[in-house]
Amino acid sequence: MKSGYNLFIIIFAVLLTMLLFTSGTTPARRAGGTVNRIVSLSSSLTDQVNDLGAADMLVGVTMFNPMYKGHAAVVGSYVQPDMEKIISLRPHIVLVSDEDSIQTSLLADRFGLRYYRSARVFNFDDICAGYVQLAGLIGKENFALQQVES
């Protein structure tokens, strides 16, 4: 019984150390390749994917998406994402936002998931640039450019 407890303490200490010394050090990675299975941990990015006509690509969303009417699984919240659920969905990309899910990309990186982190927005031009960038990742760039120009 005591050896099991000691093993637990050692594993806990190692995991805690990894968390403390790696938080905030992992840069966001751009996704590459074909993207058609998306988990969105940001309601604003979920709305943008919907607006781009790509709601069918969403396989996971947070519980905070009142406008989303699709069939994607709920994967927790941006504060407490269910990483086991996310991994089981086998997403090609996980969408996170500096606006609301700063640490989530670190979790995604630890589990080997590709992710796209949108930058903070300060004005309308930032919103449009982020929209077009996201659209480019999911093959909808021409549509987004038309939307932004009109």
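1. Just after helix 2 of this predicted model, the backbone at Gly 53 adopts a positive phi of about 80°.

2. Helix 2 itself spans residues 43-51, and its buried residues are Leu 45, Thr 46, Gln 48 and Val 49. These residues lie on the same side of helix 2, because the arc they cover around the axis is only 160°.

3. Of the contacts with a separation of 6 or more, 48% are between residues 24 or more positions apart.

4. Of the 150 residues in the chain, 35% are buried, while the accessible surface amounts to about 9,100 Å², with carbon and sulfur atoms contributing 60% of that area.

5. The largest pocket has a volume of about 250 Å³, and among its 17 lining residues those closest to the centre are Ser 118, Ala 119, Val 121, Asp 126 and Gly 130. Helix 2, strand 5 and helix 5 each contribute at least two residues to this lining, and helix 5 gives the most, with 6 residues. By residue type, the lining of the largest pocket comprises 7 nonpolar, 6 polar and 4 charged residues.

Technical notes:
Residues numbered from 1 in each chain as written. Predicted model: local features only at pLDDT ≥ 70, side-chain atom pairs only at ≥ 80, totals over all residues. Heavy atoms only, no water. Buried < 20%, exposed > 50% of the residue type's maximum accessible area, 1.4 Å probe, protein only. Helix = DSSP H or I, 4+ residues; strand = E, 2+ residues; numbered from the N terminus. Arc of directions from axis to C-beta. Contact = heavy atoms within 4.5 Å. Areas by Shrake-Rupley, 256 points an atom, 1.4 Å probe, with all protein chains shown as cover. 1 Å grid on protein atoms, 1.4 Å probe; cavity = no way out; pocket = protein on both sides within 12 Å on 5 of 7 lines; lining within 4 Å. Points joined across faces, edges and corners; volume = space filled by probe spheres on them. Nonpolar A, V, L, I, M, F, W, Y, C, P; charged D, E, K, R; others polar.
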